[in-house]
Amino acid sequence: VTFTWVRPFLKRAHEKTRLEHEDLVPLPENLSCVTNAERFEFELRDCLEKEEREEGTTSSLGATRGEEEKEEEGAGKSRKKKKKKFLPTITKPIWSCFGNMILTGAMFKLANDAMQFLPPVILSGYLKYVAGGEDNFLRQTFTTEQIGDTELGILYCALMLCVQVGRTLCEQQYFYHMQASGIVIKGALGTAVYRKTIRLNASGRSGSTTGEVLNHMQLDAQRVGDLMLFIHVVWSGLFQIIGYIALLYMYIGWSVFGGLFLLIALIPLQKFFYTLTYKLRSVQTKFTDKRVKLENEGLSGVKILKLNAWEDSLEDEVKASRKEEIIYA
């Protein structure tokens, strides 16, 4: 919880002027790229095999049904278009390999969000205590004979301190687990793409350029890894909105629903901007692929490039592609 496991490394870094690879903290087995890549490929292969079996069963049932309809009605086709899945196939292997780490981060996120509602309640009780009122929640819990006024104020301060410390610890653990899950997912995806590319023959590689493969290994895998930091906002945002609205309703009454209605009214506007951002990002990705392809072709054919003095021409093309890419950034 307090990250004491990193202290030996910090102490070693303070004592030595130059660190070696052996001075690093040993990586846990569950964070090793080799282990996670093997687990992920196994789960992915198992998931794809199940889907192939299901598709084979569905197609055979569809063919049998088509033959029956053809015999009965004399009409031709009974196939239906396959429905697009809500989540991609890769979601299940990722969850099978790294679901425990994601759920651990969700637990700390839930604890942090729950403790966010406590400081306003404690502060309200403390202000009532300072004002001399007897309606603060600690005085209603403990009588004067049990706790005096001075001890009551100290208890309020101790509660505020404990809540803030607990929030900090939970928040740091949440970020640690989600960043760690993002890093291992990025490593597993990048390794899987690399190994798949190595196994492909010349005809299999012809469908994708080197730039596209590098984009899958680096950019796309990085985006999936970065998603882990924000994936819990889906439920955490709703939980915080409900909690804060309930708190505000306790203190200011029905006036809180004016702000709630304004928040709901802004949802279509936010959806419009998110859709626009997604479209611009899609266009930008095409220009990014084009730029990376030019750079990789230049590096792979650098001898011919230097022999024919095409450096300036390649530089102009890369700059033009980069300029188009920045327009949509």
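The legends below describe several views of one predicted protein model.

Residues are numbered from 1 along each chain as its sequence is written. Because the model is predicted, local features need pLDDT of at least 70 and side-chain atom pairs count only at pLDDT 80 or more, while totals for chains, interfaces and linings use all residues; side-chain values use heavy atoms, with hydrogens and water left out.

**Figure 1. The overall architecture of the protein is helical, with 13 helices and zero strands.** Helices (H or I, at least four residues) and strands (E, at least two) are DSSP runs, numbered from the N terminus. Along the sequence, the pattern reads α-α-α-α-α-α-α-α-α-α-α-α-α. The protein has 329 residues, of which 25% count as buried. Here buried means under 20% relative accessible area, exposed means over 50%, and partly exposed lies in between (1.4 Å probe, protein chains only). Among contacts (heavy atoms within 4.5 Å) between residues at least 6 apart in sequence, 73% join residues at least 24 apart.

Figure 2. The predictor's confidence in each residue is given as pLDDT, from 0 to 100. The mean pLDDT of the protein is 80, and 88% of its residues reach 70 or more.

**Figure 3. The largest pocket has a volume of about 1,200 Å³.** Of the 40 residues that line this pocket, Phe40, Leu44, Ile90, Ile94 and Leu189 are the closest to its centre. Two or more lining residues come from each of helix 2, helix 3, helix 6 (149–199), helix 7 (202–205) and helix 8 (210–227). Helix 8 gives the most to the lining, with nine residues. By class, the lining has 23 nonpolar, eight polar and nine charged residues. In this classification, Ala, Val, Leu, Ile, Met, Phe, Trp, Tyr, Cys and Pro count as nonpolar, Asp, Glu, Lys and Arg as charged, and the others, Gly among them, as polar. A pocket is found on a 1 Å grid over the protein atoms alone, as an open set of points where a 1.4 Å probe fits, with protein on both sides within 12 Å along at least five of seven lines; lining residues have an atom within 4 Å of a point. Grid points are joined across faces, edges and corners, and the volume is the space filled by probe spheres set on the points.

**Figure 4. Aromatic rings form 10 pairs in the whole structure.** Tyr126 is partly exposed at 29% relative accessibility, and Tyr129 is partly exposed at 21%. Phe272 and Phe273 form an edge-to-face pair, at 5.4 Å centre to centre and with 65 degrees between the planes. Phe273 is partly exposed, with a relative accessible area of 44%. Ring pairs also link Phe117, Phe239 and Tyr244 into a cluster. Rings of Phe, Tyr and Trp (its six-membered ring) pair if their centres lie within 6.5 Å; planes under 30 degrees apart count as stacked, over 60 as edge-to-face and the rest as tilted.

**Figure 5. Ser321 is a buried residue of helix 13 (residues 311–327).** The relative accessibility of Ser321 is 1%. Leaving aside neighbours within four places in sequence, Ser321 is in contact with Phe287, Lys290, Arg291 and Leu294.

**Figure 6. Ala309 lies in the loop between helix 12 (302–307) and helix 13.** The phi angle of Ala309 is near 55 degrees, a positive value in a residue other than glycine. Ala309 counts as exposed, at 53% relative accessibility.

**Figure 7. Thr277 belongs to helix 11 (residues 267–300).** Thr277 is partly exposed, with a relative accessible area of 43%. Thr277 and Tyr328 are 51 residues apart in sequence, and their C-alpha atoms are 9.0 Å apart in space.
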